[in-house]
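Okay, thanks for coming, everyone.

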Amino acid sequence: MDADKAQIADVLIRYATGIDFKDWALLRTCWTEDVDCDYGEVGRYSGVDAITDLMTQLHDAMGPTYHRLTNFAITVEGDRATARSYVHAVLQAVPDDPGSWVEALGHYDDELVRTSEGWRISRRPTNIARVQAGGRS
């Protein structure tokens, strides 16, 4: 993998790590200031502040979360790139209830730009194929 592709893969891994560790400063390093994200039924958000606020609101009240991103298909053209990655997220919806899980499957089709701080996601359409809530039976 060439250096640009490795750096872009690192951005995607930082995204998952930032959410799972509730490290909102790390999450902010994934986006351009004017990023446009479409999270489907969750809504469309513009700007790094709006996305950080959204992720904080969604995940701070949860127990552990596990975001796995795989199958990176990255194309670099100069200072622009696209990256498709598959997401499998497993989230404990209620912190004190280890049986309350939500599972989501889908993929991201990210557009990235090279900035003075490195590669950043500038646009993210999200394609969720399946969401399933689980609980104790």
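I'll take the sheet, then the helices, then the pockets, and finish with salt bridges.

Quick housekeeping. This is a predicted model, so local features need pLDDT of at least 70 and side-chain atom pairs count only at pLDDT 80 or more, while totals for chains, interfaces and linings use all residues. Residues are numbered from 1 along each chain as its sequence is written, and side-chain values use heavy atoms, with hydrogens and water left out.

Six strands make an open sheet, ordered β2-β1-β6-β5-β4-β3, with mixed pairing. The edges are β2 (44-46) and β3 (65-77), each of which pairs on one side only. By strands and helices I mean DSSP runs numbered from the N terminus: E over at least two residues for strands, H or I over at least four for helices. Pairing means DSSP finds at least two bridges between two strands. On average, neighbouring strands here are turned by 15° against each other, direction ignored. For angles, axes are lines fitted to C-alpha atoms, for helices over the stretch in contact, and the values run from 0 to 180 degrees between N-to-C directions.

Now, which strands run parallel? β1 (residues 31-38) and β6 (residues 118-133) do, and four bridges join them.

Then the antiparallel part. β3 and β4 pair that way over 11 bridges, with T65 opposite L91 in β4. Those two strands form a hairpin with two residues between them, and G78 in the turn has a positive phi of about 65°. Moving along, β4 and β5 run antiparallel with 13 bridges, and V87 has G106 in β5 as its bridge partner. β5 and β6 are antiparallel too, over 12 bridges, and E103 stands opposite Q132 in β6. A hairpin through two residues joins β5 to β6.

What lies across all this? Helix α1 (residues 3-20) lies across β1, β3, β4 (80-92), β5 (101-115) and β6, at about 160° to β3. Helix α3 (residues 48-59) lies across β1, β2, β3 and β4, at about 60° to β1. Contact there means heavy atoms within 4.5 Å.

On to pockets. On a 1 Å grid over the protein atoms alone, a pocket is an open set of points where a 1.4 Å probe fits, with protein on both sides within 12 Å along at least five of seven lines; lining residues have an atom within 4 Å of a point. Of its 21 lining residues, V42, L91, A104, I128 and V131 are closest to the centre. α3 gives the largest share, four residues. By class, that lining has 16 nonpolar, four polar and one charged. Nonpolar is Ala, Val, Leu, Ile, Met, Phe, Trp, Tyr, Cys and Pro; charged is Asp, Glu, Lys and Arg; the others, Gly among them, are polar.

The second largest pocket is about 160 Å³. Its lining has two nonpolar, three polar and four charged residues, with R28, W31 and E117 among them.

Last bit: salt bridges, meaning a Lys or Arg side-chain nitrogen within 4 Å of an Asp or Glu carboxyl oxygen. The whole structure has eight. In one of them, R28 and D49 have their closest N and O atoms 2.8 Å apart. R28 sits in helix α2 (residues 24-28) and D49 in helix α3, so the pair ties together parts 21 residues apart in sequence.

Methods:
Grid points are joined across faces, edges and corners, and a volume is the space filled by probe spheres set on the points.
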